[in-house]
Amino acid sequence: MPFLKSLPPDAVLKDVLRTSPAIGIPFAQWHEELLRGPSPFSVGERELFAAYVSALNACGYCHGEHEAVAVSFGIAPGVLDGLLADIDSAPVEVRLKPVFAYLRKLTLTPSKMIAADAEAMSAAGWSEEALYHAASVCAMFCCDNRIIQGLGLQRHSPQALAEVVGRLHDFGYRSTIALIEGRSFESLPKDPAATR
């Protein structure tokens, strides 16, 4: 049961965001720009970052949702489990391993970040823009996780999860903005990333 008593028992994040559109719309716009806008990382990689940070924060709601969205964008099932077990042996590109090490440390021990953490990403060939994007996705999902956990939202039912994954895959977070505004998202143009 969500802690906001005005919400139904099966409330999801879009229901929370609708309670205050002045907060919810910029929140969804931030997600659209960071997770679907131009980036050194693919959409699938960014969704995997979101799932990884959320799993580290023990936020089953976001972990499950964003892992499923990452898979819908071509990330192999089981990659997240591999990363959580051991980054060094996980089935991801070698150059992504320092990114996940950076995300792990920033999520679990942010006050212990040092220049060497960023330099490891640079040594793997990532730009300053990539560093900024990785830090931003990490910050976004630490924020998301606290909202979800702080308001008592529970994991999606299998049907609700399938619906949200399909919506986010095809229409991105613009669909969340439409739902907050009380509009249908089906008339939106499909997200260009959905065809890649």
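## Helix α4 and its surroundings

The buried residues of α4 (residues 60-72) pack against α1, α2, α3, α5 (79-85), α8 and α9 (158-171). Helices here are DSSP runs of H or I with at least four residues, numbered from the N terminus; buried means under 20% relative accessible area, exposed over 50% and partly exposed in between, with a 1.4 Å probe and protein chains only. The model is predicted: local features need pLDDT of at least 70, side-chain atom pairs count only at pLDDT 80 or more, and totals for chains, interfaces and linings use all residues. Residues are numbered from 1 along each chain as its sequence is written, and side-chain values use heavy atoms, with hydrogens and water left out.

In α4 the buried residues are G60, Y61, C62, H63, E65, H66, V69 and A70. The expected span of a helix is 1.5 Å times one less than its number of residues. For the 13 residues of α4 that gives 18 Å, which agrees with the 18 Å between its end C-alpha atoms. After α4 comes G74, with a positive phi near 100 degrees.

## α3 against α4

Helix α3 (residues 43-56) and helix α4 have axes that come within 8 Å and cross at roughly 160 degrees. α3 is therefore roughly antiparallel to α4. Angles over 145 degrees count as roughly antiparallel, under 35 as roughly parallel, 65 to 115 as roughly perpendicular and the rest as oblique. Axes are lines fitted to C-alpha atoms, for helices over the stretch in contact, and angles run from 0 to 180 degrees between N-to-C directions.

The crossing of α3 past α4 is left-handed, meaning that the near helix is turned anticlockwise from the far one by less than a right angle; clockwise would be right-handed. On the α3 side the contact (heavy atoms within 4.5 Å) is made by G44, E47, L48, A50, A51, S54 and A55, and on the α4 side by C62, H63, H66, E67, V69 and A70. These comprise 7 nonpolar, 4 polar and 2 charged residues. Ala, Val, Leu, Ile, Met, Phe, Trp, Tyr, Cys and Pro count as nonpolar, Asp, Glu, Lys and Arg as charged, and the others, Gly among them, as polar.

The loop between α3 and α4 contains A58. A58 is not a glycine, yet has a positive phi of about 55 degrees. A58 counts as exposed because its relative accessibility is 64%.

## α3 against α6

The axes of α3 and α6 come within 10 Å and cross at roughly 40 degrees, so the two helices are oblique to each other. Here α3 passes α6 in a right-handed crossing. From α3, L48, F49, Y52, V53 and L56 meet V99, F100, L103, R104, T107 and L108 of α6. This contact of α3 with α6 has 9 nonpolar residues, 1 polar and 1 charged.

## Helix α8

T176 is in helix α10 and is buried, at 9% relative accessible area. Beyond its neighbours within four places in sequence, T176 contacts L17, A28, R167 and L168.

S187 lies in the segment after α10 (174-180). With 65% relative accessibility, S187 counts as exposed.
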